[in-house]
Amino acid sequence: MVDPDEKDSAGKPLPSRALHIVGPDKKIKLSFLYPASTGRNMDEVVRVLESLQTASKHKVATPVNWKPGDPVVISPSVSNEEAKKIFPQGFETKDLPSKKDYLRFTRV
């Protein structure tokens, strides 16, 4: 892939840097596209990979800036009864004005 906005000294487009993470099901789980002028952040690549693996294994989602060991959000598709079985250490539900059990946090 070339970046039409980034050109070398001869005026030719520079290549973009693409990173794709493919899951065991052979589907793309993540795609980063960095312009030629921007370096890749390998700490972020590793963090995202750990997030994808955690989410897949535990039926959770990871919040912004999540790092391994931080709380995760239990998927809305998991009932409270199922969550009690899956997460015997318990979980915390954040109060919302609507009183819906929307955000349930736990650690995995």
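Predicted model: local features only at pLDDT ≥ 70, side-chain atom pairs only at ≥ 80, totals over all residues.

Modeller: Below are ground rules, then domains, cores, rings and the sheet.

Colleague: Which domains does the assignment give?

Modeller: Domain 1 (1-40) and domain 2 (58-106). Such bounds come from an automatic or database domain assignment. The C-alpha centres of domain 1 and domain 2 lie 34 Å apart.

Colleague: Which residues make up the largest nonpolar core?

Modeller: Seven of them: V60, W66, V72, I74, V78, A83 and F87. A nonpolar core here is a set of buried Ala, Val, Leu, Ile, Met, Phe, Trp, Tyr and Cys residues joined through side-chain atoms within 4.5 Å. Buried means under 20% relative accessible area, exposed over 50%, partly exposed in between (1.4 Å probe, protein chains only). A second, separate core has six residues, including I21, L30, F32 and V48.

Colleague: What is V60 in contact with?

Modeller: Contact means heavy atoms within 4.5 Å. Beyond its neighbours within four places in sequence, V60 is in contact with T54, A55, V72, V73, I74, S75 and F87.

Colleague: And S51, buried or exposed?

Modeller: S51 is buried, because its relative accessible area is 12%. S51 is in helix 1 (residues 42-58). Helices (H or I, at least four residues) and strands (E, at least two) are DSSP runs, numbered from the N terminus. Neighbours within four places aside, S51 is in contact with T62 and W66.

Colleague: Switching to rings. Which residues form an aromatic pair?

Modeller: F32 and Y34, tilted, at 5.6 Å centre to centre and 50° between the planes. Rings of Phe, Tyr and Trp (its six-membered ring) pair if their centres lie within 6.5 Å; planes under 30 degrees apart are stacked, over 60 edge-to-face, the rest tilted.

Colleague: Why does F32 count as buried?

Modeller: Because its relative accessibility is 18%. Y34 is buried too, at 12%.

Colleague: Last topic, the sheet. What is the strand order?

Modeller: It is an open sheet of four strands, 5-6-8-7, with antiparallel pairing. Two strands pair if DSSP finds at least two bridges between them. Strand 5 (60-61) and strand 7 (92-93) are the edge strands, each pairing on one side only.

Colleague: How many bridges join strand 7 to strand 8?

Modeller: Two. E92 stands opposite F105 in strand 8.

Methods:
Residues numbered from 1 in each chain as written. Heavy atoms only, no water.
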